[in-house]
Amino acid sequence: INAEYMGANDHTGSQWLTAFQDIGVGLMGLDAKDLALRQESDPNYLSNLCKSICFRPYLMRLRVKEELVMDERRTKCVVQKMDRMPFRTESANLLREIARYQGM
């Protein structure tokens, strides 16, 4: 099982996430084998790719589990689904919630 680790931040803080093959392909646009081939031909390819996808907003569904390891609590987050932020849809949802709140 191939897993990649990435950091995610929002207004509440930051967390390390685990993402598997299908999420990585969706994020980077190619699988690990193709990524390795491109990195061999261009040593800066991965660095440039990471710079191009950093700080983009994504909508994620996570599976979060807290484990106790040697009397220490650890939070494990695995990305289940990840899409580019659908601003139009999310804005409409936010406006609908604000209107509902104001109507209370």
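In which loop does D71 lie? D71 lies in the loop between β3 and β4, where the strands, like the helices, are DSSP runs numbered from the N terminus (E, at least two residues, for strands; H or I, at least four, for helices). The model is predicted, so that local features need pLDDT of at least 70 and side-chain atom pairs count only at pLDDT 80 or more, while totals for chains, interfaces and linings use all residues. Residues are numbered from 1 along each chain as its sequence is written, and side-chain values use heavy atoms, with hydrogens and water left out.

The loop between β3 and β4 also holds M70. Most residues other than glycine have a negative phi. In M70, however, phi is positive, near 50°, and in D71 phi is likewise positive, near 60°. M70 counts as exposed at 80% relative accessibility, and D71 is exposed with a relative accessible area of 77%; here exposed means over 50% relative accessible area, buried under 20% and partly exposed in between, with a 1.4 Å probe and protein chains only.

From this loop the reader may turn to the strands. Leaving aside neighbours up to four places away in sequence, M60 touches A8, L17, V79, K81 and M82, a contact being heavy atoms within 4.5 Å. With neighbours within four places again set aside, L17 is in contact with E4, Y5, M6, A8, M60, L62, C77 and V79.

The helices come next. Two packed helices are described by the angle between their axes and the distance between the axes. The axes of α2 (residues 32–41) and α3 (residues 45–53) come within 8 Å and cross at roughly 120°, the axes being lines fitted to C-alpha atoms over the stretch in contact, with angles from 0 to 180 degrees between N-to-C directions. The two helices are therefore oblique to each other, since angles under 35 degrees count as roughly parallel, over 145 as roughly antiparallel, 65 to 115 as roughly perpendicular and the rest as oblique. L35, R38 and Q39 in α2 meet Y45, L46 and L49 in α3. The residues of this contact divide into four nonpolar, one polar and one charged, where Ala, Val, Leu, Ile, Met, Phe, Trp, Tyr, Cys and Pro count as nonpolar, Asp, Glu, Lys and Arg as charged, and the others, Gly among them, as polar. L49, found in helix α3, counts as buried at 12% relative accessibility, and beyond four places in sequence L49 touches M28, L30 and L35.

Finally, β1 (3–10), β2 (13–20), α1 (21–28), α2, α3, β3 (58–69) and β4 (72–84) each supply at least two residues of the lining of the largest pocket. β1 gives the most to this lining, with eight residues, and the lining residues divide into 24 nonpolar, nine polar and four charged.
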